Amino acid sequence: MHHHSPPTRRALLTAASALILADRASVAPAAPGGRAARDRLPTTAVHRPATECPAERGRALPARARAPDEHPTLRAGLFHAGPGEPSRTLATAATVRAPGDGCLAVARDRLRGDRHRRPGRRRPSPRRWPGLRVRAPAADLPRPAPPPLPACPGATLHDTGHWVGWRRAAGCGGRAAVTDFDAVDALLAAVAPEAELPAPEERVRLRESARLSKAQVARALGVSPTTLAGWEAGREPSGETRTRYAYLLDGLRAKLDPPAAPAVSPPAQDRDPAPAGEPAPAGAPAADDGDRLAEPRPCVLCGHPAHHEVAGFAQHLDPADCEAASAPRAVPAPATERPAGPRSAAAAARPTRPSPRRTPAESAGAATTAPAPRAGKAAGRTPSKRAFQEPAPTPLGTLQDSVRAALERHGGDTEAATADLVRTAIPDAMALLDQCRTGARYEIVAHPPLPNILRKKTSRGADEIWEARPKWTRPALPPGPQEITALDINGAYLSALKTHLPLGALEHHTGGTHDRRRAGVHLVTPPEWHHEHELPNPLGSRDEPGPLWVTEPTLRLLLRLSSPAYGLCEPPVIHESFTSGSTENLLEKFRTTLREARAEALAAGDDVTLEYVKAMYSKFVATMGESNYNRELYRPDWMHIIRSQAFANLWTKAYKAYESGLTVVRAMGTDELHVIGDWRRVFPEGRGVTEVKVKDVYTAQDDEG
């Protein structure tokens, strides 16, 4: 005796019910014994009434089983063909429909106990028909009108020309939407054709012709100058950035390379054709090469009256006419006729610039000695387009224009204009730097990766770099009262912009040697300094012994002082370094522009420009490190190097005063030097960058005992 599981018993009861409802109970099969046969039982129960239903509806089925698409009678019987069925006719003329009122639906209804559908009820619901996709390769065939949608609210038919299917919406007994087509749509959107870009050399030409720096273009595109340099070297951008870059290049090309205007030929009625039947002289230009003048005007070649004009200039069409008119009256012209060659014809046809009227003797000499103009490309050459462009603004002119604009905005109020300019000094300095770097050899890497020694340990703390800031006072003064002059070094930070700066990201090196072609920061053990009673220590005021990280200017100063030319100390011991390839002229144009603006402001007594320039270079140095006021440049290594260069420059001036016989009393910060003696024979006095000015004069002496 067989024991069947509950699912099997339910399947048997369902099959028996279907046979009874179909009036076929006498043909009920025996219960299957194998597991595979039991699994096929529901399919068999559906198949039998589905195959008998067409015969009951008067549709003859083929003797051999065939696919529904191969036999129209079987397809119509199984799926029905009523207009109310959800269906879709593809471009290939194939119709896709759901099994609604056909025999297959009837068989399933009988098997599951469903009742007949009420009028107006549509089936299947989106739950039973979650999606149907059919390949439609013939996308170029006529497209039929969309079929009626299923009764489920929000259900939509998706047809891209290659795939077709229904999408169900929320409230139809399922998920909110079928996501497979959404993913396909996203892929199709990503595969859209990319914008075309010109060749790399053309990209460079367009940018340089527009006098734009890489930093300006990169800022407009939202990328770094290094990325833009890669595009100009041959790399290809992608996505939305590529579209913006192509739009920029197309706009530059439209402005810089406008289409040439078509040549305008003179009207036909204004031409002076040769009389009919009269042959043109040999070598003479065609009759339509020039317009006939109502009144003769001086020829631009010989100065004698001419009856035609070429390109707007009165001119003899035949060179022989110029020679005849310019020849001296006393010498008769030769009777023989000289044939005119192609060079003479080209000379006559070439439009020339008007020249001052010459005497007949000068014209004759010019006609016999000057060679005829060469025909070809040079004959039709026009002035370059750039010759008619306005000259590009210079960095100095841009700075001065900013000052004039500020004064105009504030109605000539110098205090308000100065405050306004000082407030915008940082962005103005960065814009001036971009303008000064246009066409430069090296690009500025604004945000390179940095080693940990250049990062602050806390938000208000400091990094590990020692800038060698001096704070030195002479231990003992000469005996007696001494008159001490405090000198102020002009433009200390401005002069310090000329220093060796690393170009790219800093790379770690060990080995104990110094490469003068590179710059950065170095971990060194400094030498002992034995001249504290006469000169400040080049390392500044440092009490802690042992190794420390110093900048490039400090290391170069220590190496120079340890050389035989100075012999003031031992060379420092270098342990490791973070360096990159360097140049001393990276900020040179920026520095000279500010220096010239400062000099002109001093000469004109322009205090507004003077304060503006001072704010620009001082804030530029102060904010190029980790600062919220300048996010365009993040180079704390540069900030330390420029500051250290200013300190090294002050030490050099102190040594110059010492070598010249002055007594150095104090060295403070970047620009304060106190000396005893006649300092005017050592330093020029004034407010220029290379000059010093008196800050204070006071008398001091050591206490006795």
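1. Helix α18 (residues 552-561) is largely enclosed by the rest of the structure, because eight of its ten residues are buried. Buried means under 20% relative accessible area, exposed over 50%, and partly exposed in between, with a 1.4 Å probe and protein chains only. The buried residues are E552, P553, T554, L555, R556, L557, L558 and L561. Their cover includes strands β13 (518-525), β14 (548-551) and β15 (573-583), together with helix α21 (636-659). Helices (H or I, at least four residues) and strands (E, at least two) are DSSP runs, numbered from the N terminus.

2. A word on the source. This is a predicted model, in which local features need pLDDT of at least 70 and side-chain atom pairs count only at pLDDT 80 or more, while totals for chains, interfaces and linings use all residues. Residues are numbered from 1 along each chain as its sequence is written, and side-chain values use heavy atoms, with hydrogens and water left out.

3. The whole chain next. The protein chain has 21 helices and 18 strands. Of its 705 residues, 37% are buried. Among contacts with a separation of 6 or more, 65% join residues 24 or more positions apart. Contact means heavy atoms within 4.5 Å. The chain exposes about 40,900 Å², and carbon and sulfur atoms supply 54% of that area. Accessible areas come from the Shrake-Rupley method with a 1.4 Å probe; for residues, only the protein chains shown count as cover.

4. Helix α7 (residues 200-209) and helix α10 (residues 239-256) have axes that come within 10 Å and cross at roughly 60 degrees. That makes α7 oblique to α10. Angles under 35 degrees count as roughly parallel, over 145 as roughly antiparallel, 65 to 115 as roughly perpendicular, and the rest as oblique. The axes are lines fitted to C-alpha atoms, for helices over the stretch in contact, with angles from 0 to 180 degrees between N-to-C directions.

5. Which residues of α7 and α10 make the contact? From α7 come E202, R203, L206, R207 and S209; from α10 come Y245, L249, L252, R253 and L256. By class, five are nonpolar, one is polar and four are charged. Ala, Val, Leu, Ile, Met, Phe, Trp, Tyr, Cys and Pro count as nonpolar, Asp, Glu, Lys and Arg as charged, and the others, Gly among them, as polar.

6. R437 sits in the loop between α16 (425-436) and β8 (465-466). R437 is buried, at 13% relative accessibility. The C-alpha atoms of R437 and S213 are separated by 6.6 Å, although the two are 224 residues apart along the chain. Leaving aside neighbours within four places in sequence, R437 contacts Y442, E443, I444, N585 and L586.

7. Y655 belongs to α21. Y655 is buried, with a relative accessible area of 14%. L535 lies 120 residues away along the chain, yet its C-alpha atom is 7.2 Å from that of Y655. Not counting residues up to four places away in sequence, Y655 touches L535, Y566 and L568.

8. Backbone angles to check. Most residues other than glycine have a negative phi. R211 is not a glycine, but has a positive phi of about 55 degrees. R211 is in the loop between α7 and α8 (214-221), and is partly exposed at 39% relative accessible area. A468, also not a glycine, has a positive phi of about 65 degrees. A468 lies in the loop between β8 and β9 (471-473). A468 is buried, at 5% relative accessibility.
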